[in-house]
Amino acid sequence: MKPVFCLGDICADLVLPLGMVRRSKRGEFVTREETDVVFRHGGSVANTAAGLRALGIPVQFCGTVGDDVYGYALKEELLRIGTDVSCMAIDPSVPTLLIAIVVDEFGERTAFATHRTHASQHQVQLGQIPQNLCETIGWLHCSGLLLREEPAAMTQLTVMCRCHEAGIPVSLDINARIESRGDEAFYANLMQAVSYSDVLFGSIEEELPLIAGAASEQAIRALTQGGRTIVARAGASGATVYTDSATYQCPAFSVPVVDTIGAGDVYNAGFLSALFLGKSLAQANRYGNAAAAFCVMQAGGRACPSLSELELFLSDR
């Protein structure tokens, strides 16, 4: 089985569980450990890569971190779980991107990035990409986060184009952060990336309307032209998969929520792993929702089940 090549962001998540503090003020017992700031391994594409590894899919990760304690910790964790990091770079000219994530009492998160520009994730160079890439991988997965700045934007678009022309399936998680709205260069890069994509992931409320031009089902379905599969994630409402001829809806599984960090990233891992295993799109949607359910029941964005855990979870539902 050829690996999934995950090209994208990796960062250090610093999680601030302020929701726990609010709960303690209501008289519930909360330990000090539950309210401490916690370092966790993060990054949208890196989270999906880790999820794929947990599900038994071979993965090669390509990204850039700084020459600091966070950068080395992030690389070592990917190595620990069996990820090929031969295309990952450590850049001494920039610090590793840090994301402060505030978690409220309902498990919902709000993220703040530093540095917001010239961050380590945007330093991915074309030289990190093997010349024979298209001969060695079975899938390319990316996100919109690298498309905001050079040199990462050009690197990602070049790799996406190369894989698209070689017939290698390409998936893109839109990941359009609010600070990117109104950025014409980013929007042009994003639309070019969409044109190279076979599977497009995005939130139904914010990200897909940015690409489709409207929030209607008709506008989103129009994105399926050319055989593209659209995955419209809707958080607690589950997800809907659109093709040019069919629609597959799957509600979210009802589970207790610790936090929602990385839920979409882990959904992507569940969905893509199902496709790798020859499952249908309807089954892939269920795999994605089940993986996301596992994620929100635990803290952090890397809480993906193993394949056996996922299938056991689904067998009871």
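These legends walk through several close-up views of a predicted model.

**View 1. The eight-stranded sheet.**
Here 8 strands form an open sheet with mixed pairing, in the order β4-β1-β9-β10-β11-β12-β13-β14. The edge strands are β4 (59–62) and β14 (247–250), and each of them pairs on one side only. On average, neighbouring strands of this sheet are turned by 15 degrees against each other, direction ignored. V199 has T229 in β12 as its bridge partner. Helix α3 (residues 44–54) lies across β1 (4–7), β4, β9 and β10 (170–173), and runs at about 165 degrees to β4.

Look for H141 in strand β9 (residues 139–143). Is H141 buried or exposed? H141 counts as buried, because its relative accessibility is 1%, and buried here stands for under 20%. Strand β9 runs parallel to β10, with 4 bridges joining the two, and the bridge partner of H141 in β10 is S171. The side chains of H141 and S171 also make a polar contact, at 2.8 Å. Leaving aside neighbours within four places in sequence, H141 is in contact with a number of residues, including V4, F5, C6, L7, D173 and N268.

**View 2. The two faces of β10.**
In a regular strand, side chains alternate between the two faces of the sheet. Which residues of β10 point one way, and which the other way? V170 and L172 point one way, S171 and D173 point the other way, and all are buried.

**View 3. C6 and the nonpolar cores.**
The largest nonpolar core has 44 residues. Those with the most contacts inside this core are C6, I10, L52, F61, Y267, F271 and F313. Helix α11 (residues 281–296) gives the most to the core, with 9 residues. A second, separate core of 36 residues includes C62, I174, Y196 and I230. Now zoom in on C6, which counts as buried because its relative accessibility is 0%. Leaving aside neighbours within four places in sequence, C6 is in contact with V45, A49, L52, V59, Q60, F61, C62 and H141.

**View 4. Cysteines and the search for disulfides.**
A disulfide is a covalent bond between the sulfur atoms of two cysteines. How many disulfides does a search of the whole structure find? The search finds 0. C6 is in no disulfide, and the nearest cysteine sulfur, that of C142, is 8.5 Å away. For C161, the closest cysteine sulfur is in C163, at 9.4 Å, so the two are too far apart for a bond; the cut-off for a disulfide is 2.5 Å between the sulfur atoms.

**View 5. The four-stranded sheet.**
In this view, 4 strands form an open sheet with mixed pairing, in the order β3-β2-β7-β8. Why do β3 (38–42) and β8 (109–114) stand at the edges? Each has a single partner strand, so one side of each is left without a neighbour in the sheet. Neighbouring strands are turned by 30 degrees against each other on average, direction ignored. Helix α4 (residues 69–80) lies across β2 (11–16), β3 and β7, running at about 55 degrees to β3.

**View 6. Strand β7 and its partners.**
Strand β7 (residues 98–103) pairs with β8 in the antiparallel sense over 6 bridges, and V102 stands opposite T110 in β8. The two strands form a hairpin with 5 residues between them. In its turn you can find G107, which has a positive phi of about 85 degrees. With β2, strand β7 runs parallel, and 5 bridges join the pair; here L14 stands opposite A100 in β7. Strand β7 has a covered face, made of I99, I101 and V103, and an uncovered face, made of L98, A100 and V102.

**View 7. A215 in a loop.**
Finally, visit A215 in the loop between α8 (207–212) and α9 (217–221). A215 has a relative accessible area of 55%, so it is exposed; the cut-off for exposed is over 50%. Not counting residues up to four places away in sequence, A215 touches P209 and I220. The C-alpha atoms of A215 and I204 are separated by 7.4 Å, and these residues are 11 residues apart along the chain.

Definitions and conventions. Residues numbered from 1 in each chain as written. Predicted model: local features only at pLDDT ≥ 70, side-chain atom pairs only at ≥ 80, totals over all residues. Heavy atoms only, no water. Buried < 20%, exposed > 50% of the residue type's maximum accessible area, 1.4 Å probe, protein only. Polar contact = N/O pair within 3.5 Å; in protein donor to acceptor, adjacent residues only side chain to side chain. Contact = heavy atoms within 4.5 Å. Core = buried A, V, L, I, M, F, W, Y, C linked by side-chain atoms within 4.5 Å. Pairing = 2+ DSSP bridges. Axes fitted to C-alpha atoms, helices over the stretch in contact; angles between N-to-C directions.
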